[in-house]
Amino acid sequence: MYSFLLCLAALIVGYFVYGKLIERIFGPDDRPTPAVLHEDGVDFIRMPRWKIFMIQFLNIAGTGPIFGAIMGAKFGTSAFLWIVLGCIFGGAVHDYLSAMISLRHNGESLPELVGRYLGLTTKQVMRVFTIVLLILVGAVFVDSPAELLDQLTGGSMGVYTWMAIIFVYYLFASVMPIDKVIGKIYPIFAVALLFMAAGLLIAYFLKFPTDVPELWDGLSNTHPRAATTPIYPILFVTIACGAISGFHATQSPLMCRCMSSEWQGRSIFYGSMITEGIVALIWAAVATYFFHHNPDGINEPSAPKIVFAVTGDWLGSVGSVLAVLGVVAAPITTGDTALRSARLIVADILHIDQSSIFRRLGVSAAIFVVTFVVLCFSLSGSEGFNILWRYFAWANQTLSVFTLWAVTVYLVRHNKCFWITLFPALFMTTMCTTYLFIAPECLHLSPVIAHSIAAAVALISIVRFVCWYNGAAQKDRAL
């Protein structure tokens, strides 16, 4: 309990202290924003700060800070440290700076932004990689809410019917002007998700458990398959949303196109990431309590079932329904904005004007067909969806690697402190490489080989950065 309180305080202090430092390093000013310069009534529309914050929070949340934190809690209290340190020094910095750089480039989408600072080849790779990730997001965030809705309605309609309904909603929301659907209903869903977190937080305080493991009791791996599931790097991929997530940088340009001032950035982007970290921390604490008092619970394969069990017991019938609605709304809203982002990226690549709804439908239809095929594949076997989710999680973290390196280059070129993203970039590069070579669903090599390759990749990254810094960067700074 005391570890949880310390971590909660650290996240709040991190926003006001480190977040302010990051804002000062970037240096927002009073220049006109893309929403002011390019207002089009579809994607570039000025909205109030509070509404943009709510939408951004819901866009990036999904089921990540809930399901990811529940699965991450199986590793023990080390999950608390990753959420706090990852969120303050990694995720929130990643989200704020990538968003503000996009804002400075007329709300440019992530692949274009990365290509601008890492080169044309990287830009082409990022275009494909980002679209694939967004399609994976759309696919994986259909299954879990459909399952929850089916359970909520007693199985009267069936999972596949709910999937079809969610797909229809996705298509509708992704082509409508952003203020007509997203701007009106997302803040309501965000309130439901925050209500759930607040309710669980109050219930946890009332229980005030003193028998759960604390950080100072040690960071041993308590995962039921600890021998094949090491804390590093598996935990760092399992808990993405709530710590650091590359997917967030694909969503930020949507909100950059709705801001009326650069000074709104810290509260919207750094603040929404810290808020997500708090949600993840609450669920990690709740899951730790659940596993500690239900010895068989740690082997429970379904995170949604744990959500039902905990909310029903702690929040009562009414609170449980509201909580589940929040859990249902989060992935659905993340899924549709992911596909909306995919539409905008494809339109940017092909230079397709998006002022016409028929053009938006044409681009969206092609994306939805691919998403449907991916979803069908994931449901074709008993382990298909689980494997799809794990690949999505790794791709998600790998996307943050590209983003952090691009932001680092931007900071160097503008004579700003680049260490704030260089260290996270090196860490995430090493971690994602290790996961690729050590994870059971990937190459599954021995730890010695996997860590050696990851160390070599980190060394190569450092050498390449130093060479670039001493060469091309010097020229850039001289201009």
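Mentor: A salt bridge is a side-chain nitrogen of Lys or Arg within 4 Å of a carboxyl oxygen of Asp or Glu. In this structure, Asp29, Arg31, Arg104 and Glu262 are linked in a network of such bridges. The model is predicted, so local features need pLDDT of at least 70 and side-chain atom pairs count only at pLDDT 80 or more, while totals for chains, interfaces and linings use all residues. Residues are numbered from 1 along each chain as its sequence is written, and side-chain values use heavy atoms, leaving out hydrogens and water.

Trainee: How many salt bridges does the structure hold?

Mentor: The structure holds 12. In one of them, arginine 104 pairs with glutamate 262, with the closest N and O atoms 2.6 Å apart. Arginine 104 lies in helix 5 (residues 78-104) and glutamate 262 in the loop between helix 11 (247-256) and helix 12, so the pair ties together parts 158 residues apart in sequence. Helices here are DSSP runs (H or I, at least four residues), numbered from the N terminus.

Trainee: Is glutamate 262 buried or exposed?

Mentor: Buried means under 20% relative accessible area, exposed over 50%, and partly exposed in between (1.4 Å probe, protein chains only). At 1%, glutamate 262 is buried.

Trainee: Which residue forms a salt bridge with arginine 266?

Mentor: Glutamate 23 does, at 3.4 Å between the closest N and O atoms. This pair links helix 12 (residues 265-293) with helix 1 across 243 residues. Glutamate 23 also meets lysine 20 in a salt bridge (3.2 Å, N to O). Glutamate 23 is buried at 6%, whereas lysine 20 is partly exposed at 34%.

Methods
Helix = DSSP H or I, 4+ residues; strand = E, 2+ residues; numbered from the N terminus.
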